[in-house]
Amino acid sequence: MSISKKATESRDAEVDVKYDAVIVGAGFAGMYMLHRLRGQGLSARVFEAGTGVGGTWYWNRYPGARCDIMSMQYSYSFSEELDQEWNWSEKYSPQPDILAYAEHVAERFDLRKDIRFNTRVTAATFDEEAKRWQVETDQGDVISAQFCIMAVGCLSSANMPDFEGIDDFEGPVYHTGHWPHEEVDFTGQRVGVIGTGSSAIQSIPIIAQQAAELTVFQRTPNYSVPAWNEMMDPDEERAVKAEYPALREKMRSRPTGFYFEFNTQPALDATPEEREGQYETFWSRGGLPFLGAYGDLLFEKEANDTIAEFGRRKIRDVVDDPATADLLCPDDIFGGKRLCVDSGYFETYNLPHVSLVDISERPIERLTKQGIVANGTEYPVDAIVCATGFAAMTGSFDNIRITGRNGLALTEKWRAGPRTYLGLSTAGFPNMFMITGPGSPSVLASMIQAIEQHVDWMSDCISHMRDIGAQTIEAEVNYEDDWVEHVNEVAKISLRSTSSSWYLGANVPGRPRVFMPYIGGFPIYVDKCNEVMTKGFEGFTLDGTKNSDAQPRVHLTERWRVPVDTDVISPAAIAAKRVPIV
Ligand code: N01
């Protein structure tokens, strides 16, 4: 089986070394956390399993990997100079450009010297006496830190199905989330792609350009909207840069943490002709903003039926063979699963060497030396691409032995689904923070915005702790319970909670079914975090306070004083089911 190569980095293990903070992961979250903590004068050690920075964008090097948020918005906002000096080449950035950006940030802020690459954290244990975390790695490091910050990513733990006969297969088996660093050339080969989610939908058109034969194994079809990607228009780039802070502010005030035009009117109030026109207009804009055509699409099944039918018609318009088109048409909620954004996906099925195998009724039976057996037929292939997704949101936590107070294992606490307070922390695990943890908007917001908000909140919290001389901060169980209940209640309002998606853990057998991200909208969530902070970290216990007489000031990072546009996003708007959520 092929997985990305690990360059060996020879170094001495760090044993008995103390830091203020340990950060697990050097993706966008870990990098910014390191930058902020350094700015506060804290010492931090970052451990990263890969050989370089970039996290998700380091690992997902599959052909066609590209972001589905516009480049000018999918970037850090904390540095105005960085915003002004970095240039993106395409409207939607391909993976190499985003990785280059991550590497530039690491260079620019001199981050690498505090990162240990090629090092996977294996265990993190809270030492109750010392009130510190002990962190162990697969390179023999055993270090101690006051804070343990999990920057492990939401989509980082690959879901590699345990197909019978996988070891018998003589060709390479790739997973899109662990793509090799060296170029993979499928020229002249028979390739089997398993899965039809975002990663597959992006990679299939590119693989088809090389392969002699491409067979796609589909368990569930997906809706997809064309990206209409294009080269960056220099005039548009200049215009955005001239107003960048204003754009950043608008992004923060949107339910999704990124900006696009949307319409709050209900689809059901429009006539069929009006709807058709509206859908065509939004379709021509492409990508995720298509879901902004109406405000009730993810709340009212009848409204959703109208956009779903439009989406299916688009598939039938493109795919020549009616039987293949039928198989490619989902009958699920439109946007119930993460909406896919493509460049020529459905068109690929018109190529004579591309075929689709429906495995919705019977799963793949086994792999043989030279093929994939499904529906009783052996499909000969030279290489297999598993675009089978991730154990989302909690998978990367499960891979580390995390032990809190009283020997409580995080996997045990989360056995029936993750429980957090604000997706930032979890009771029983003092001084452990999670960047974009379950229960926060995370994957339902633009990730880099969500990351920055969490990192800033944590940094501000640590400043507060230093002001009052607190040693530990820990979520209180009753506040955590209320938050978990709220996350579940809000999820029920959205049709999203009815789809069998990775948001619910439904893609991996045996995982508990709980809607994991917070769907109530990014600015409402930010408002809640700010309120908790301004109320002196309500719902948290701060312990070991030395300066109890100190009058702490609120350290809220200025950019998060986000004005909540209550016309389009408020608890009332959500209850009235009038919020376009992407
Ligand atoms: O993973 P997925 P992904 N046998 O879980 C199928 C982000 N992302 O890597 O639907 C056969 O969506 C599975 O079938 P089913 C984005 O948020 C963003 O594509 O579970 N098939 C499904 O078809 C995205 O949502 C970008 O029935 C099996 C597929 O594999 C998220 O990452 C690009 C199987 C997995 O789809 C995950 O996307 C890429 C089995 N045993 C990813 N197990 C952009 O920015 C699973 N499947 C554009």
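**Reading the fold, then the residues**

A: Buried residues make up 59% of the 582 residues in the protein; buried means under 20% relative accessible area, exposed means over 50%, and partly exposed is in between, with a 1.4 Å probe and protein chains only. This is a predicted model, where local features need pLDDT of at least 70, side-chain atom pairs count only at pLDDT 80 or more, and totals for chains, interfaces and linings use all residues. Residues are numbered from 1 along each chain as its sequence is written, and side-chain values use heavy atoms, with hydrogens and water left out.

Q: What radius of gyration does the protein have, and what would a compact globule have?

A: The radius is taken over C-alpha atoms, and the globule rule is 2.2 Å times the number of residues to the power 0.38. For 582 residues that rule gives a value near 25 Å, and the protein has 24 Å, which agrees. Along its principal axes, the C-alpha trace spans about 75 × 55 × 45 Å.

Q: How many helices and strands are there?

A: There are 17 helices and 20 strands. Helices (H or I, at least four residues) and strands (E, at least two) are DSSP runs, numbered from the N terminus.

Q: What part of the contacts with a separation of 6 or more comes from residues 24 or more positions apart?

A: A contact means heavy atoms within 4.5 Å. Of the contacts with a separation of 6 or more, 74% join residues 24 or more positions apart.

Q: How do I read a pair of packed helices?

A: Two packed helices are described by the angle between their axes and the distance between the axes. Here, α14 (residues 447–468) packs with α16 (residues 522–534) at about 0 degrees, with the axes 11 Å apart. That makes α14 roughly parallel to α16. The axes are lines fitted to C-alpha atoms, for helices over the stretch in contact, and angles run from 0 to 180 degrees between N-to-C directions. Angles under 35 degrees count as roughly parallel, over 145 as roughly antiparallel, 65 to 115 as roughly perpendicular, and the rest as oblique.

Q: Which residues make the contact between α14 and α16?

A: From α14 come Q449, A450, Q453, H454, W457 and D460, and α16 brings F522, Y525, V526, C529, V532 and M533. By class, the contact has 8 nonpolar, 3 polar and 1 charged residues. Ala, Val, Leu, Ile, Met, Phe, Trp, Tyr, Cys and Pro count as nonpolar, Asp, Glu, Lys and Arg as charged, and the others, Gly among them, as polar.

Q: Is V225 buried or exposed?

A: V225 sits in strand β10 (residues 224–226) and is buried, with a relative accessible area of 0%. Skip residues up to four places away in sequence, and V225 touches W283, G286, G287, F290, F334, L339, C340, V341 and D342. V225 and G344 are 119 residues apart in sequence, yet 9.8 Å apart in space, C-alpha to C-alpha.

Q: Where is T176, and what does T176 touch?

A: T176 is in the loop between β7 (173–175) and β8 (190–194), and at 1% relative accessibility T176 counts as buried. Leaving out residues up to four places away in sequence, its contacts are W59, N60, R61, Y62, S199, V385, C386 and A387.

Q: What about V487, and which residues does V487 touch?

A: V487 belongs to helix α15 (residues 477–493) and counts as buried at 5% relative accessibility. Beyond residues up to four places away in sequence, V487 touches G439, F515, M516, P517 and Y518.

Q: Which residue other than glycine has a positive phi?

A: One of them is D110, with phi near 55 degrees. D110 lies in the loop between α4 (95–108) and β3 (115–116) and is partly exposed at 39% relative accessible area. N406 also has a positive phi, about 55 degrees, although N406 is not a glycine. The loop between β17 (401–403) and α13 (410–413) holds N406, which is exposed, with a relative accessible area of 65%.
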